[in-house]
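Dear colleague,

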Amino acid sequence: MLVLLAAVVTGAMAQETYKVSVKEGTEDANKWEIAPAEATTAGVAAGTTVTATYSGTKKVKSVKAKKKAHAVVDLSMVDCAGNARTSRWTANCYMVHTAGDYKLPLVYGNAIKAGQTNAAAYTGVENANTTLTFPRHDGEAITDPWIKDNGITVKTAELLWQDAEGLVTAVGISGDYLTLTVGKDATGQEGNAVVAAKDADGNIVWSWHIWVTKQTFTDLTTVDTGEDGHVYTVTPVNLGWVGDRVSQGTNTFYQWGRKDPFKGTGDVTDFKSTTATIADNIKNPTTFYNSDNKNTPSNTTFYNMWDAQQTGTDNITTATVKTVYDPCPAGFCVPTGNLYSYIDSGVNFGWDGTNMGLNLTSVTPNVFFPASGYRNYSAGSLSSVGSTGYSWSASAYGSNAYNARGLGFSSGLWLWNYGTRSYGFPVRAVAEE
């Protein structure tokens, strides 16, 4: 039996982890069994008891445990396929493909782009239904990309939820980073998790979506909406998708304008019928908000939550100016509404009764939107899975501050539509321009 005796590091540092392996060239190496299994993959915390069982016939004189350094990947320095970047790109969603140790900078959404401060992400326009300054968890304006440079000290980290057991096995804070250990490889177990950074009083100051996925966002589809429209580069699956490219699978759901996902399966356990501010949404990323029988949206009546340029019209033909509340990975954003009005304008599409969804056949490769249903504004319950599908755009519905534009369809193919912002709909990301 091996016992990893090093002390667990607490406080501002991340918990140390150790990996166990049989030395290369060891006689009867395949006769050793290590438990728990994650000791040989993601690693285990210092102080964990690891059992090494030998089933061979050789005489074993001794077994030694050694600390072996292993890489910690900075998620803001790799792209969606896991390839190294030359500069930092931050986001609210990070795609992970393999088990291992990771860190992400304590930065608001996409406030750092190509290594530079991206002030456009938290600076909008101001009129009756837009915001010029984007609030943080305490309601004050975000003034700098780094949370610490806004006068906020992060003390702890927490795993808020995950939809696969053992997906994220540890979280912590190390300097200006949130650290996490992913315990499963996406080829064996895909899934989603939300991790959060907290201040000394236990308030959530920001949170991030960790998407363990086989998707790499390298196989994209160009959709040209026409001379007076816009060209979009569309990703192959909805955010948080778990499953095959088409057919069976699930995705995460989003209330319009919010950065944090809700699970693709099961019930919402935290529902509040009350008027919520943007600060409330940030401090309570697992709470599904609604009030006044859906007439008040979950995140005020601002038009520019996902598109900083919104001024109170549908604004559907220009590129999205991605904000710090956008839920997409780095380099991608929620599309403006023109993408979905194009699908409704007579292009080639059809209902796929085998895979249950909408197939856009006028482009190569085809774009498939699954009928993954929605989360109802009433308690966030899942509805119409397998029969209807949706996808939010970044465009508000200009004639009504409580609604937003998006795609809606069923086997009857009603399409370009709008919905109350308190609904939880999927999101299909497009490449940022």
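Predicted model: local features only at pLDDT ≥ 70, side-chain atom pairs only at ≥ 80, totals over all residues.

I began with the cysteines, where the count of disulfides comes to zero. A disulfide is a covalent bond between the sulfur atoms of two cysteines. For C328, the nearest cysteine sulfur is that of C333, at 6.3 Å, whereas a disulfide would need the two sulfur atoms to be within 2.5 Å.

I then turned to the salt bridges, of which a search of the whole structure finds seven; three of them are described here, beginning with the one between E432 and K113, whose N to O distance is 3.1 Å. This pair links distant parts of the chain, 319 residues apart, since K113 belongs to strand β9 and E432 to the segment after β33. Of the two partners, E432 is buried at 18% relative accessibility, while K113 is partly exposed at 28%.

In another salt bridge, K148 and D176 bring their closest N and O atoms to 2.9 Å, and because K148 sits in the loop between β10 and β11 and D176 in the loop between β12 and β13, the pair ties together parts 28 residues apart in sequence.

Finally, K214 meets E190 at 2.9 Å, N to O; here K214 is partly exposed at 44% relative accessibility, but E190 is buried at 8%.

Terms used: Residues numbered from 1 in each chain as written. Heavy atoms only, no water. Salt bridge = Lys/Arg side-chain N within 4 Å of Asp/Glu carboxyl O. Helix = DSSP H or I, 4+ residues; strand = E, 2+ residues; numbered from the N terminus. Buried < 20%, exposed > 50% of the residue type's maximum accessible area, 1.4 Å probe, protein only.
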